[in-house]
There are 2 protein chains.
Amino acid sequence: MEKSIKFSNVSTHFYFDSSFKQVTKIADKKFLVVITDEHIFKAHPAVFKGLNVIVLKPGEEYKVQATVDEVIDTLIKMEADRKTVLVGVGGGVITDLTGYIASIYMRGIRFGFVPTSILALVDASIGGKNGIDVDRYKNLVGIIRQPSFILHDVAFLQSLPQNEWENGFAEIIKHACIKDAAMFKQLQQESLAGYQKDKKKLSSLIQRNALIKTKVVQKDEFEKGDRRLLNLGHTIGHALEKEYELMHGQAVAIGTTYACHISEQLRGFSQTADVVALLEQYQLPTYASFDKQKVFNGLKMDKKREQKEMNFVLLDKIGKGVVTPIRMQQLEKIINKL
Amino acid sequence: MEKSIKFSNVSTHFYFDSSFKQVTKIADKKFLVVITDEHIFKAHPAVFKGLNVIVLKPGEEYKVQATVDEVIDTLIKMEADRKTVLVGVGGGVITDLTGYIASIYMRGIRFGFVPTSILALVDASIGGKNGIDVDRYKNLVGIIRQPSFILHDVAFLQSLPQNEWENGFAEIIKHACIKDAAMFKQLQQESLAGYQKDKKKLSSLIQRNALIKTKVVQKDEFEKGDRRLLNLGHTIGHALEKEYELMHGQAVAIGTTYACHISEQLRGFSQTADVVALLEQYQLPTYASFDKQKVFNGLKMDKKREQKEMNFVLLDKIGKGVVTPIRMQQLEKIINKL
């Protein structure tokens, strides 16, 4: 299925349930430069044959300026120009880097994504947030710019490690919590193994989630309101992720658990047990002990902070997230008491 | 005089013939972070009192990623967040850096410019092109984003060296060539010394030029058509600037001279002598011997190149510029014959 979504400046064309081979129909091969990582490149060597490919080292630790410098040098050597189309084939690190580099190279060239992880398919590839980490601050530098296209090819999921599947389902559960109570129920009735076995069920779930995120972003591209809902679990999550050896989804799952508890205190939320049970059903961590002061210090540099307040995403009920400004002092107390 | 100009996403508010003191009325002092260079900071110490200031080393050689990294580190230490407003006080290097950093820090914070050179007042501060140089490629990395405000305070011109005045007039003459035959005549009747002595005449000339550039940009913010006219003299100019020790205006003046000769060959232009005479009247260089092959190789990485062609700005007559695609092979021949 194809679908074109109009954002403020450009349209993003979605190729759902498609094949990577289509990219050479989207743009002429000679203008394409593919950016991917060693994992994807080694696991799927045939698909990259005959294409210009830049292969990066895998991992969040390479989502930094040094990698941007390196790719830009390579683009210069390739004589890439304003007709060049960058295509990021990989998880969120690759799509974030590709979108960022394409947005600043020659003041912006065309780019598209082929997300290869659940997390990237349902979340990271969508919404036009591109960027890099600086020191311990995730995505501190970046830009909002929509890709020209996003192409889904679930064949890439064959090489996805089990813990990356779990990682991706954290965002799916997050979408259910903030926007889709019906999907929350569906997830309660299914299992990760079930989705992994049934390609059709999986494709449909991916598409449903991609569209949840797309609609939220479309209504609020530059994050003045509703888009902030997508940050459920991410405020504490990001701070945890930098301090401890956690995957993004694990950090978000723990962050979501604590956001539920804060929601109990501040919004009268009463379904924490259901959320925790669903996260655990999908093999995600929920409660964890952490150095609260360290995590709070990390929070202080979160982009969602505005001087003395922070916009925190809480739940009124499953399927209804709400953005709530919390004063930093109050937040520090709440976190220390958790 | 104040004037608000609407671009595609934001409006830029112009404060013509104003005073730097106004900035604290535009944004609260506690949210302001001023970026300037050592020259400006030392020449006008009083104006920066009580403000958060980041002082950079002066010169185009610092318009690079290392400086961006350094400023971002400082912003992190200052706990700058999304309410912070960056104000670039300086010439084109400072405004380019400030706009670029503000566009990528936390995915974009507000920024404004207080241009302190003729070049920055009439050209560099306007149009939202922000960026840095990479190796020998000028502005290879950057972004188009409009400032929230531009404030003119001609008091800063008191510390402007004589050669920087000449530098700025190269862009003023360029504007006359592509868009304003009447101003070309006015410039023929005046002199640099005359403008330097008469603050009112100067302010009026600056405002006229700022508005010429603004109108061209407004019609074509993302440079698909008319905006390219502003590149008169800049294609060869940029290549010369990187190879030789030239100021931007000098390089543009030489580039304009050669663009006139190419215009004779390809468009039947007949006023080269008038343009050359006016450039010389304002102490600008016109003819220069240079390594043609080196300059042509530099051209090949110009952002205006599109694979086998380059969009070159030529003149049909004074006051009427025209964008002309020239095949790279043909261009190489023409340049070698100049």
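Between domain 1 of chain A and domain 2 of chain A, seven residue pairs are in polar contact, with both residues of each pair at pLDDT 80 or more. The model is predicted.

**Stop 1: the two domains of chain A.** The contact draws on 28 residues of domain 1 of chain A and 31 residues of domain 2 of chain A.

**Stop 2: the domain 1 side.** Colour β1 (2-6), α5 (118-124), β7 (129-134) and β8 (137-144) of chain A; these are the elements that give two or more residues to the side of domain 1 that touches domain 2 of chain A. By class, the residues on that side of domain 1 of chain A are 14 nonpolar, five polar and nine charged.

**Stop 3: the buried area.** Together, domain 1 of chain A and domain 2 of chain A bury about 2,800 Å², with 66% of it on carbon and sulfur atoms.

**Stop 4: salt bridges between the domains.** How many salt bridges are counted between domain 1 of chain A and domain 2 of chain A? The count is three. For a salt bridge to look at, select Lys213(A) and Asp123(A), whose closest N and O atoms are 2.5 Å apart.

**Stop 5: chain B against chain A.** Show both chains. Chain B gives 35 residues to the contact, and chain A gives 35 residues. About 3,400 Å² is buried between chain B and chain A, 55% of it on carbon and sulfur atoms. Across this interface of chain B and chain A, zero salt bridges are found. Five residue pairs are in polar contact between chain B and chain A, counting pairs with both residues at pLDDT 80 or more.

**Stop 6: the chain B side.** Select α3 (65-77), α4 (92-104), β7 (129-134), β8 (137-144) and β10 (305-306) of chain B, the elements that give two or more residues to the side touching chain A. Which element gives the most to that side of chain B? It is β8(B), with seven residues. To finish, colour this side of chain B by class: 15 residues are nonpolar, seven polar and 13 charged.

Methods:
Residues numbered from 1 in each chain as written. Chains lettered and ligands numbered in written order. Predicted model: local features only at pLDDT ≥ 70, side-chain atom pairs only at ≥ 80, totals over all residues. Heavy atoms only, no water. Contact = heavy atoms within 4.5 Å. Buried area = accessible area lost by both parts, 1.4 Å probe. Salt bridge = Lys/Arg side-chain N within 4 Å of Asp/Glu carboxyl O. Polar contact = N/O pair within 3.5 Å; in protein donor to acceptor, adjacent residues only side chain to side chain. Helix = DSSP H or I, 4+ residues; strand = E, 2+ residues; numbered from the N terminus. Nonpolar A, V, L, I, M, F, W, Y, C, P; charged D, E, K, R; others polar.
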